[in-house]
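Please look at the sequence and the model shown below. The report that follows takes up cavities, nonpolar cores and salt bridges in turn.

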Amino acid sequence: MYKTLISLFTFCFLALSINAQAPTVVSVFPNNMENAAEKDVRIKVVFDQPIDQTIVDYTQFRIFGRWSGPSAFAFTVSDDKKEIEMIPEDDYFSGEWVTVMLSKGIKSESGEFMETGYSWNFWIKTAPGDLTQEMTKTIQLREPGEGWLQTYGAYAGDLNNDGFSDLTTVNENSDDLRIFLNDGTGDYTEGEHIYYDMGSSTPSPNEGADFNGDGEIDLAVCTAHDNSMRVLMGNGDGNFYSMDNYSTGDAARGLGVTDIEGDGDDDIIIANRVSSNLSIYTNDGSGNFVETNINPDGSGESGLSIADANNDGIHDLFIGMYSSNEIAIMLGDGNGNYTMSDKKSVTGSPWMIAVGDVNNDGFADVVSANSNGSNSVCLFGDGQGGLSFPTNYFGTGAGFPLAIDLGDLDGDGDLDMVTTNYSSAKYQIFENTGQGAFEWHNNLVSPQNASCAILHDRDNDGDLDISGTDESVDVLILFTNPGATVANTEIEKLNIDISISPNPLIDFTNISLTLEEKSDLSISIKDISGKTIKTIYSEKNVNGAVTVTWNGQDEKGLQIPSGTYLISFVLNGKSYAEKISKL
């Protein structure tokens with residue numbers, strides 16, 4: 001009897017061991033590489049089995065908007081405990097890149113932990129905009145009597161939590177950062193900045209993250225002409241309260257942030273051009289880092305971007321090889337290790353790269369500014385860690401492309417491309433015409449040597465603006481997106497005169513128009529992302545003069561917040577919209 005009980009116990013134990021499996025992610029929302037998620041999107045994760053609710057917290061589930069910073073959110077758990085929904089407390093910024101990271105500390109109800117973490121990215125939708133932007137202001141960064149700063153670029157994160165995009169300029173020659181806080185209208189005051197001495201470090205590439213898990217934006221800055229990195233901890237009011245120094249390889253040029261081993265904190269990866277390697281800094285959870293190095297099969301690692309190249313929920317590395325003229329992908333295993341997956345030769349030397357799904361197939365693609373080739377290139381990802389052969393884009397006067405980025409400037413749901421050309425002093429705008437085909441659209445002018453273009457919704461009107469830097473004359477150039485009344489060419493302007501007065505709205509506004517023949521007409525108020533707030537008029541077979549008064553309230557009779565909105569007209573199936581501001 002005793003032997004029988006032991007055998008039965010052993011059988012049951014083995015059966016439980018076989019059945020208990022690590023939880024895996026079945027689906028996510030928004031999808032990886034989605035280009036037009038709503039600003040208030042509820043992020044969802046579905047697992048293959050019930051999840052232990054006691055571990056559902058900000059350590060295991062993290063969201064970071066590139067410009068809005070760490071996201072605070074509420075959780076909901078489905079009745080079967082397989083679906084976790086994250087509801088943001090505040091909207092994400094229009095047009096920004098959002099990263100979601102799940103740690104391998106997530107476990108099932110049976111107590112099995114995830115084998116690796118899970119990460120993905122998506123973009124927030126932009127309002128209809130225009131690729132031809134207007135220069136509205138130039139801000140001098142030098143103080144009176146000061147010499148050359150060499151302002152290479154800027155980070156557009158909201159450092160003081162007021163819901164607006166600030167600009168942290170990075171100055172190589174003066175070895176400092178200068179932070180300009182947004183005044184709440186999309187403007188910055190010349191001469192009013194927060195100053196941080198970086199020592200003799202020639203700061204250059206930079207990226208925001210939350211390294212110590214306190215919910216505030218921190219900053220990592222590496223050097224183009226020195227061998228070091230600075231990590232600055234933010235306190236949420238526009239200041240940084242500490243700065244730590246780490247050594248890097250020779251000529252640190254590219255910088256990226258992700259949770260490389262899925263333990264619930266942000267790690268740092270740096271591409272070193274002269275030493276031709278990658279430095280990996282593993283976070284201990286409190287914002288302190290330990291360095292290791294890996295050597296990809298290439299020469300002159302310079303550009304670095306991070307995304308999931310093979311759709312396995314693990315972030316991979318896209319690398320621009322300056323000296324060997326190559327773009328490469330290294331796949332991550334979720335435990336901090338990377339292996340070369342694919343590599344393609346390009347014309348010219350990749351200086352900076354950016355990733356996104358430019359042809360809307362759900363896979364991460366890569367674009368590169370190739371300095372010595374007078375061109376930019378696009379390589380499509382195949383969703384399995386492979387790259388297509390490059391397509392070259394030259395624009396006009398592309399003598400020395402230096403920087404590159406992606407964003408939906410015209411609000412049509414695909415990613416446009418902006419490159420900066422150092423020698424011709426131009427920011428070149430390429431329109432995505434669909435399926436990842438780019439056409440040069442126009443140039444924006446820099447005073448002397450264009451350095452970097454930052455794509456962000458500077459004035460919170462829903463469309464992407466461009467802030468440029470010129471590293472020779474040390475200025476910020478603010479280009480403003482004038483917006484557009486249509487999102488694509490299929491929507492036509494109505495052949496009628498429309499009057500909206502007063503605009504901006506304080507207590508009310510009158511919307512007037514005259515119809516020459518009987519028509520079906522509806523008028524709605526929408527937010528800048530296109531979400532309907534209230535339908536204020538809807539009639540069929542109406543003609544003659546029409547006047548509608550709107551008092552600034554939504555469908556529930558509540559006053560909507562101050563900001564920019566759309567008055568949407570639909571006349572006989574054709575749509576048109578006008579912007580209105582509410583004070």
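By class, how many nonpolar, polar and charged residues does the lining of the second largest cavity have? Five nonpolar, nine polar and two charged residues make up that lining, where Ala, Val, Leu, Ile, Met, Phe, Trp, Tyr, Cys and Pro count as nonpolar, Asp, Glu, Lys and Arg as charged, and the others, Gly among them, as polar.

The model is predicted, and local features therefore need pLDDT of at least 70, side-chain atom pairs count only at pLDDT 80 or more, and totals for chains, interfaces and linings use all residues. Residues are numbered from 1 along each chain as its sequence is written, and side-chain values use heavy atoms, with hydrogens and water left out.

**Cavities**

The structure holds three cavities of 30 Å³ or more; a cavity is a set of points, on a 1 Å grid over the protein atoms alone, where a 1.4 Å probe fits but cannot get out, and lining residues have an atom within 4 Å of a point. A volume is the space filled by probe spheres set on the points, which are joined across faces, edges and corners. The largest cavity holds about 890 Å³ of space, and of the 43 residues that line it, Arg66, Asn206, Glu207, Leu255 and Leu304 are the closest to its centre. Its lining divides into 25 nonpolar, 13 polar and five charged residues. About 100 Å³ of space lies in the second largest cavity, which is lined by 16 residues, with Asp259, Ile260, Ile314, His315 and Gly334 nearest its centre.

**Nonpolar cores**

A nonpolar core is a set of buried Ala, Val, Leu, Ile, Met, Phe, Trp, Tyr and Cys residues joined through side-chain atoms within 4.5 Å, and buried means under 20% relative accessible area, exposed over 50%, and partly exposed in between (1.4 Å probe, protein chains only). The largest core has 29 residues, of which Phe318, Val366, Val367, Leu406, Met417 and Phe438 touch the most other members. Two or more residues each come from β25 (326-332), β27 (350-356), β28 (365-370), β29 (375-379) and β31 (401-407), the strands being DSSP runs (E, at least two residues) numbered from the N terminus. Leaving aside neighbours within four places in sequence, Val366 is in contact (heavy atoms within 4.5 Å) with residues including Phe318, Ile327, Ile353 and Leu387. Another core, of 27 residues, lies apart from the largest one and includes Trp67, Tyr155, Ile194 and Phe240.

**Salt bridges**

There are 16 salt bridges in the structure, each a side-chain nitrogen of Lys or Arg within 4 Å of a carboxyl oxygen of Asp or Glu. Three of them are tabulated here.

| Salt bridge | Closest N to O distance |
|---|---|
| Glu85 and Lys44 | 3.8 Å |
| Glu326 and Lys343 | 3.9 Å |

Lys125 lies in the loop between β9 (118-124) and β10 (134-140), and Glu38 in the loop between β2 (34-37) and β3 (43-47), so this pair ties together parts that are 87 residues apart in sequence. Lys125 is partly exposed at 26% relative accessible area, and Glu38 is also partly exposed, at 31%.

Glu85, in strand β7 (residues 83-88), is paired with Lys44 in strand β3, so parts 41 residues apart in sequence are tied together. Here Glu85 is buried at 11%, whereas Lys44 is partly exposed at 30%. Arg42, Lys44 and Glu85 are linked in a network of salt bridges.

Conventions:
Helices (H or I, at least four residues) and strands (E, at least two) are DSSP runs, numbered from the N terminus. On a 1 Å grid over the protein atoms alone, a cavity is a set of points where a 1.4 Å probe fits but cannot get out, and a pocket is an open set with protein on both sides within 12 Å along at least five of seven lines; lining residues have an atom within 4 Å of a point.
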